[in-house]
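Visitor: I would like to learn how to read a few features of a protein model. Please take one feature at a time.

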Amino acid sequence: MKRLVLGVVAVLALAGCSAGKDAVVQGSSFSFVSPGGKVDITYDVAQRQTAPVLAGDDLMNEGKQLSLADFPGKVVVLNLWGQWCGPCRTEAPEMESLAKQGTQVVGIDVRDPAREVAQDFVRDRELTYPSIYDPDGRVLLKLTGYPRNIIPSTIVLDKQHRVAAVFLRPVLAQDLTPVVQRLNAEA
């Protein structure tokens, strides 16, 4: 009888460790939870932290390096994209619109193993703003703690290249224009 009770206790203990309804993995994908569940995050001047100097191969000019340091004193809209990403196809013309209005846009092309395909994406959409080619995500590793699985996403840097705003969703030019205007007006 004692063995039977021990056996039942062992089975119950093992069953308690199995995945139930509240288990983390149940066939759904992981979702990044931003502060308070926000997908639009802005930082007051006192809260802003300097972004790392992101640099890598220029997507369109093989052998040339592209760096955020190439744009000192400018507000920079940093857009993470991939040609494989459906929302990025809608967002790219919005970024181009900002660039044509004088905003410095820099893309980071992620998870595109075939450079030529990403270059075709840029040419087909007549995008003029530069992009860093980052197929393996090494450039993004410098953005410690940033959810690199959220594509597209956009980081807006102030003139000192401190993070002023983060958008963890697809954006339109009209979403970014007021932010850029406010940052350009700062001393």
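**Reading the model**

Guide: Start with Pro152, which lies in the loop between S6 and S7. Helices (H or I, at least four residues) and strands (E, at least two) are DSSP runs, numbered from the N terminus. The model is predicted: local features need pLDDT of at least 70, side-chain atom pairs count only at pLDDT 80 or more, and totals for chains, interfaces and linings use all residues. Residues are numbered from 1 along each chain as its sequence is written, and side-chain values use heavy atoms, with hydrogens and water left out.

Visitor: What is the peptide bond from Ile151 to Pro152?

Guide: Most residues other than glycine have a negative phi, and most peptide bonds are trans. The bond from Ile151 to Pro152 is cis, and its omega is near 0°.

Visitor: Which residues other than glycine have a positive phi?

Guide: Arg111 has one, at about 55°, and so does Glu126, near 55°. Arg111 sits in the loop between S5 and H3, while Glu126 belongs to the loop between H3 and S6. For exposure, buried means under 20% relative accessible area, exposed over 50%, and partly exposed in between (1.4 Å probe, protein chains only). Arg111 is partly exposed because its relative accessible area is 42%. Glu126 is at 63%, so it counts as exposed.

Visitor: In what order do the elements of the protein run from the N terminus on?

Guide: The order is α-β-β-β-β-α-β-α-β-β-β-α, which comprises four helices and eight strands.

Visitor: What share of the contacts with a separation of 6 or more joins residues 24 or more positions apart?

Guide: A contact means heavy atoms within 4.5 Å. In this protein, residues 24 or more positions apart account for 71% of the contacts with a separation of 6 or more. Pro130 gives a case: Met60 is 70 residues away in sequence, with the C-alpha atoms 7.7 Å apart in space. Pro130 is placed in the loop between H3 and S6. Not counting residues up to four places away in sequence, Pro130 touches Leu66, Phe71, Gln104, Val105, Val106 and Gly107. The relative accessible area of Pro130 is 22%, so this residue is partly exposed.

Visitor: Where does Lys64 lie?

Guide: Lys64 is in the loop between strand S2 (55-58) and strand S3 (65-67). Beyond its neighbours within four places in sequence, Lys64 is in contact with Gly56, Asp57 and Asp58. Lys64 is partly exposed because its relative accessible area is 46%.

Visitor: How many residues does the largest nonpolar core have?

Guide: In soluble globular proteins, nonpolar side chains tend to be buried together. A nonpolar core is a set of buried Ala, Val, Leu, Ile, Met, Phe, Trp, Tyr and Cys residues joined through side-chain atoms within 4.5 Å. Here the largest one has 50 residues, and Leu78, Met95, Ile108, Val156 and Leu176 have the most contacts inside it. The elements that each supply at least two residues of this core include strand S4 (76-81), helix H2 (86-100), strand S7 (153-157) and helix H4 (173-185). Leaving aside neighbours within four places, Val156 has contacts that include Val75, Val77, Val163, Phe167, Leu176 and Leu183. Of the 187 residues of the protein, 42% count as buried.

Visitor: What volume does the largest pocket have?

Guide: Work on a 1 Å grid over the protein atoms alone: a cavity is a set of points where a 1.4 Å probe fits but cannot get out, a pocket is an open set with protein on both sides within 12 Å along at least five of seven lines, and lining residues have an atom within 4 Å of a point. A volume is the space filled by probe spheres set on the points, which are joined across faces, edges and corners. The largest pocket has about 340 Å³. It is lined by 20 residues, and those closest to its centre are Tyr43, Thr144, Tyr146, Val163 and Val166.

Visitor: Which residues line the largest cavity?

Guide: They are Asn79, Trp81, Cys88, Glu91, Ala92, Phe121, Leu127 and Tyr129. H2 gives the most to this lining, with three residues. The space in the largest cavity is about 40 Å³, and the count of cavities of 30 Å³ or more is one.
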